[in-house]
Amino acid sequence: MNTQRGRLITLEGGDGVGKTTHIELLEAYLTEQGISVLRTREPGGTALGEALRKVLLRDELECGAETEMMVLFAARTQHLHAVLRPAIARGQWVLCDRFTDATFAYQGGGRGIPFERIARLETFVQEDFQPDLTLLLDLPIEEGLARATERGGRADRFEKQDLAFKERIRQSYLRRQRDYPGRIQRVDASGSVGEIQTILQHHIQKLLKSGTNP
Ligand code: TMP
């Protein structure tokens, strides 16, 4: 039986920064190192979470900022208990596309909910549970927008927001990084996929080397 605790690595950033590409490459990278990996996302990662995600991203439904926050935390609670905690306890390394930093950035910075209010719900749901490493892909919003447009498809509730909303999200992520400089690593996402991936893997290598069973 594997008695070593796994790790939680989260990827964060505004829309169009390339998270999906990088999380796939990181999954392959960790697998090559012989590590058992679980890739998941928020909102989502469970049947209930994916159902709530669909509801949340539908822009025709009226939904206040605090309601939105609580739905996100409801999905997160299920994800935490049914997927994240058990996987980490089994020794798996979990790569999660967004986690609670996204709530601070989108519902806090974007929608204007005070950080302290979000932090209260965070403590209620997570107690002291936090990612081991958060990789923040940071890109000027005009560049992120250009990439999201290139990718095509219909804009969801969040992608439809204006530039000021997106700028507030970026600034809130950067504030989170300043508040948690040990856990959150900012990575400049304006380089090539190869360049960015090398930096991301470097941060993961440091985590691989840092002790085996905290
Ligand atoms: P995705 O584009 O990374 O798949 O995420 C879907 C959207 O959900 C994205 O626009 C950001 C938003 N979101 C929040 O607003 N708050 C959160 O806590 C999370 C996890 C996502």
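Helices here are DSSP runs of H or I with at least four residues, strands are runs of E with at least two, and both are numbered from the N terminus. With that in hand, Arg 98 belongs to the loop between strand 3 (93-97) and helix 4.

This is a predicted model, so local features need pLDDT of at least 70, side-chain atom pairs count only at pLDDT 80 or more, and totals for chains, interfaces and linings use all residues. Residues are numbered from 1 along each chain as its sequence is written, and side-chain values use heavy atoms, with hydrogens and water left out.

Arg 98 has a phi near 75 degrees, a positive value in a residue other than glycine. The peptide bond from Glu 42 to Pro 43 is cis, with omega near -10 degrees. Pro 43 is in the loop between strand 2 (37-41) and helix 2. For context, most residues other than glycine have a negative phi, and most peptide bonds are trans.

**The two pockets**

Pockets come from a 1 Å grid over the protein atoms alone: a pocket is an open set of points where a 1.4 Å probe fits, with protein on both sides within 12 Å along at least five of seven lines, and lining residues have an atom within 4 Å of a point. Points are joined across faces, edges and corners, and a volume is the space filled by probe spheres set on them. In the residue classes, Ala, Val, Leu, Ile, Met, Phe, Trp, Tyr, Cys and Pro are nonpolar, Asp, Glu, Lys and Arg are charged, and the others, Gly among them, are polar.

The largest pocket has a volume of about 720 Å³. Its lining takes in 36 residues, with Asp 15, Lys 19, Arg 53, Arg 98 and Glu 159 nearest the centre. Elements giving two or more residues to that lining include helix 1 (19-32), helix 2 (47-57) and helix 3 (65-90). By class, the lining of the largest pocket splits into 11 nonpolar, 12 polar and 13 charged residues.

The second largest pocket comes in at about 320 Å³. It is lined by 27 residues, and Asp 15, Gly 144, Leu 145, Ala 148 and Lys 166 lie nearest its centre. Helix 6 supplies the largest share of this lining, six residues.

**The ligand**

The ligand sits in the largest pocket, a call that needs more than half of its atoms within 2 Å of the grid points. Around it are 15 residues, the closest being Lys 19, Arg 53, Arg 98, Thr 103 and Gln 107; a residue counts if one of its heavy atoms lies within 4 Å. Helix 4 gives the most to this shell, with four residues. The shell divides into six nonpolar, two polar and seven charged residues.

Here are some polar contacts, meaning pairs of N or O atoms within 3.5 Å:

| Side chain | Distance to a ligand oxygen atom |
|---|---|
| Lys 19 | 2.8 Å |
| Arg 53 | 2.6 Å |
| Thr 103 | 2.6 Å |

On its own the ligand has 470 Å² of accessible area, and the protein covers 93% of that, using the Shrake-Rupley method with a 1.4 Å probe.

Conventions: Polar contact = N/O pair within 3.5 Å; in protein donor to acceptor, adjacent residues only side chain to side chain.
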